[in-house]
Amino acid sequence: MRAAVLHETGQDKLEVLDDIEAVGFGPGKVRLRVRATGLCHSDLSAMAGVLPQPAPFVPGHEGAGEIVEVGDGVTALSAGDRVLVCWLPACGGCPSCRRGQTELCLTGFMNAGTPGFRRPGGSPEEVFGMSGTGTFAEEIVLPASCAVPIPDDVPYDIAALIGCGVTTGLGAVFNTARVEAGSSVAVIGCGGVGISVIQGARASGAAQIVAIDPVESRREAALRFGATEAVAPDGLDGAKDSVTAGEGFDYVFEVVGRSDTARRAYEATRRGGTLCVVGAGAMDDFVRFNMFELFFDEKRILPSLYGGGDVLRSYRRTIDLWRAGRIDLEGLITHRVRLGEINDAIGQMRTGEALRTCVEM
């Protein structure tokens with residue numbers, strides 16, 4: 001089968017190969033024919049080494065498809081079922097799951113250390129899948145808990161987005177920050193996840209939503225999706241003054257994953273307000289706060305991993321909002337490519353041209 005492979009961490013491009021095999025099928029597993037997958041910025045971060053991921057590996061973790069085969073012991077799924085890929089499944093039994101914080105379950109991260117593919121005769125033969133998935137492949141083998149059934153009226157491309165970016169952005173608003181109606185919101189970074197944050201803030205009834213991004217096309221998109229104002233990074237201070245009379249925003253979402261933008265987000269947050277960190281950054285990128293400001297300003301700093309809540313509930317909520325016309329998911333897909341054009345899609349994401357690219361398999 002065909003799959004796009006990154007041979008070494010730090011390489012800029014993927015190689016599309018046709019001699020890859022999905023491995024690991026057995027009890028408790030499913031074999032999935034991937035029909036659509038989104039290109040997420042986390043894929044680029046893993047390629048660059050910002051996010052830890054063994055190599056060589058098949059990127060992609062935001063996908064949807066059709067069950068081809070189920071292993072022994074799998075009773076909730078059958079061949080032919082339409083599913084989305086959950087890259088961070090909950091085991092149900094660890095301390096985090098028992099506390100109801102299923103997004104902190106480490107089962108999915110452990111999957112990333114097990115090869116999901118092999119290349120017969122290649123060197124090395126074993127190939128990993130990003131976050132234990134690897135949806136830039138025509139077929140993948142997953143634990144049954146990673147395959148979540150979707151209703152028949154949800155297209156594969158929409159389901160793929162729900163599997164990561166949309167859930168991450170909406171969940172940061174609904175689950176983590178819990179944005180209140182009438183509040184002021186700033187969103188730093190307006191790619192697919194940032195636009196989802198904007199849509200969540202609008203659905204929550206935020207009165208002012210300011211989008212901050214260096215790319216003009218993304219600022220224009222932010223306005224279409226519900227932002228009341230959109231500025232380049234050097235316009236953040238001016239927006240803070242004009243919208244909040246200099247006090248700062250009630251909620252600021254950092255959706256870039258860098259220490260400098262996190263610091264700017266903190267400074268844009270009002271005293272007693274909430275800074276929600278959504279961007280996935282590097283382990284060696286440190287942000288600094290002094291002890292007096294942490295005490296005196298009483299700003300809440302809330303990280304949000306995968307939407308900060310029960311992802312299965314979040315999936316259902318997203319589908320309900322989409323059906324009701326409260327959020328626009330089709331509009332997030334600005335580009336469509338085939339697997340052989342994956343490097344074009346990567347270039348579009350690096351320049352900021354694309355919000356979300358759907359890879360149609």
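**Charges.** I started with the charged side chains: the protein has 34 positive and 46 negative ones, and the centres of the two sets lie 4 Å apart. Lys and Arg count as positive, Asp and Glu as negative, while His and the chain ends are not counted. I took the place of each charge as NZ of Lys, CZ of Arg, CG of Asp or CD of Glu.

**Ground rules.** This is a predicted model, where local features need pLDDT of at least 70 and side-chain atom pairs count only at pLDDT 80 or more, but totals for chains, interfaces and linings use all residues. Residues are numbered from 1 along each chain as its sequence is written, and side-chain values use heavy atoms, with hydrogens and water left out.

**Overall build.** I found 12 helices and 19 strands; these are DSSP runs numbered from the N terminus (helices H or I, at least four residues; strands E, at least two). Next I checked the radius of gyration, taken over C-alpha atoms, against the globule rule of 2.2 Å times the number of residues to the power 0.38. With 361 residues, a compact globule would come out near 21 Å, and the protein has 20 Å, so the two agree. The C-alpha trace spans about 65 × 40 × 40 Å along its principal axes.

**Record check.** The unreviewed UniProt entry puts "domain: Enoyl reductase (ER)" at residues 10-355. I kept in mind that such annotations may be inferred rather than shown by experiment. That span is 31% helix and 24% strand.

**Inside.** Buried residues make up 55% of the 361 (buried is under 20% relative accessible area, exposed over 50%, partly exposed in between, with a 1.4 Å probe and protein chains only). In helix H9 (residues 259-268), the buried ones are Ser-259, Thr-261, Ala-262, Ala-265, Tyr-266 and Ala-268. What covers them? I listed several elements, including strand E12 (184-188), helix H8 (236-244) and strand E16 (269-277).

Most residues other than glycine have a negative phi, and most peptide bonds are trans. I noted these exceptions.

- The bond from Ala-55 to Pro-56 is cis, with omega near 0°, and Pro-56 sits in the loop between helix H1 (41-48) and strand E5 (57-58).
- Ser-131 has a positive phi near 55°, in the loop between strand E9 (126-129) and strand E10 (139-143).
- Ala-245 also shows a positive phi, about 55°, and lies in the loop between H8 and E15.

Which is Ser-131, buried or exposed? Ser-131 is buried, at 15% relative accessible area, whereas Ala-245 is exposed, at 73%.

Notes. Contact means heavy atoms within 4.5 Å.
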